[in-house]
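Hi,

Here is the structure I promised to pass on to you. My notes on its charged residues follow below.

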Amino acid sequence: MAAQNPEHVPVEHYRVDPALFGGIATIDPNANGGYDKASAKPIMKALNARVEELQENLYAHGKERLLFVLQATDTGGKDGTIRAVFDRTNPQGVHVASFKKPTSEELAHDYLWRVHKHAPAKGHITVFNRSHYEDVLVVRVRELVEEAVWAKRYEHIRNFEQLLADEGTTIVKIFLHISKDEQRERLQARIDDPAKHWKFEMGDLEERTLWDDYQGAFGDMLTETSTPDAPWYVVPANRKWYRNIVISQILVDTLERIAADEFPPDPALAGLTIS
Ligand code: AMP
Ligand code: MG
């Protein structure tokens, strides 16, 4: 029996259409869609249950692939999103690829080299925790390559994602949108709680001083690379419970398109009894 979603969480508003998009500043990071923590809870439970079923269908059929890209500023909530949204999935069919500072071997190649090999296989979901977009974000803001080099990358990325899509990969890209105040609180919480120190890096404070530059780079990334086959969603992410229902709904909507059918019963097995 398919799990029933009590209601469809509106998400289309957050999808970036480059022709209409007015910039990240037009999306309120505090938005709650009219929900509160209590009303979001049963919705999240139902969405998790539906994700579980759909992911099993995807895995059982072994035909479709899903690439789920997560980008955000530091403390944006990528790790928490992965834990919450994929909570009930089967780890055999869901993979997380985290992209850190490139190794010397990775730097010796083009920037997509390390990325392509993590693209999902048939029947699988791969979550990119950061991605090739770092190469037009941190690389741009930190001036790790010249503008003439990074400026060409939007087109490479559109073409790369189109290649994946044309070859049968479904792509969804999520930008977790938090405010600068929210980042201050989350960084402070990491400092104040020793159990969270592992998540904190001194470098995060320096990155924070470049907040405006990053917002500019995020804006360009969204308008340059949101395409019909690889759309971006800007998700208000100050409130974790709202972020989680919005992203789960986007995941469910996407999986409903490619994995709604349950694996069909095999007539040859009907009535078969093992002696
Ligand atoms: P975290 O996600 O907190 O573990 O941090 C990973 C770090 O790696 C972040 O500071 C990213 O900006 C950085 N990073 C990821 N990809 C790249 C890249 N292509 N070039 C430079 N830095 C990167
Ligand atoms: Mg970090």
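In which helix is Lys240 found? Lys240 belongs to helix H11, which covers residues 240–259. Please keep in mind that this is a predicted model.

Lys240 is partly exposed, at a relative accessible area of 45%.

Now to the salt bridges, of which the structure holds 14. One of them pairs Arg88 with Glu52, whose closest N and O atoms are 2.5 Å apart. Arg88 sits in the loop between helix H2 (78–85) and strand E2 (94–98), while Glu52 is in helix H1 (residues 37–61), so this pair ties together parts that are 36 residues apart in sequence. Both partners are partly exposed: Arg88 has a relative accessible area of 37%, and Glu52 has 31%.

Another salt bridge brings together the side chains of Asp74 and Arg130, at 3.0 Å from N to O. Here, too, distant parts of the chain are linked: Asp74 is in the loop between strand E1 (65–72) and H2, and Arg130 is in the loop between strand E3 (125–129) and helix H5 (138–141), 56 residues apart. Asp74 is buried, with a relative accessible area of 14%.

Within helix H8 (residues 180–192), Asp181 and Arg184 lie 3 residues apart, about one turn of the helix. Their side chains form a salt bridge at 3.6 Å, N to O. Asp181 is partly exposed at 48% relative accessibility, and Arg184 is partly exposed at 41%. Finally, Arg50, Glu53 and Glu256 are joined into one network by salt bridges that share partners.

Best wishes

Technical notes
Residues numbered from 1 in each chain as written. Chains lettered and ligands numbered in written order. Predicted model: local features only at pLDDT ≥ 70, side-chain atom pairs only at ≥ 80, totals over all residues. Heavy atoms only, no water. Helix = DSSP H or I, 4+ residues; strand = E, 2+ residues; numbered from the N terminus. Buried < 20%, exposed > 50% of the residue type's maximum accessible area, 1.4 Å probe, protein only. Salt bridge = Lys/Arg side-chain N within 4 Å of Asp/Glu carboxyl O.
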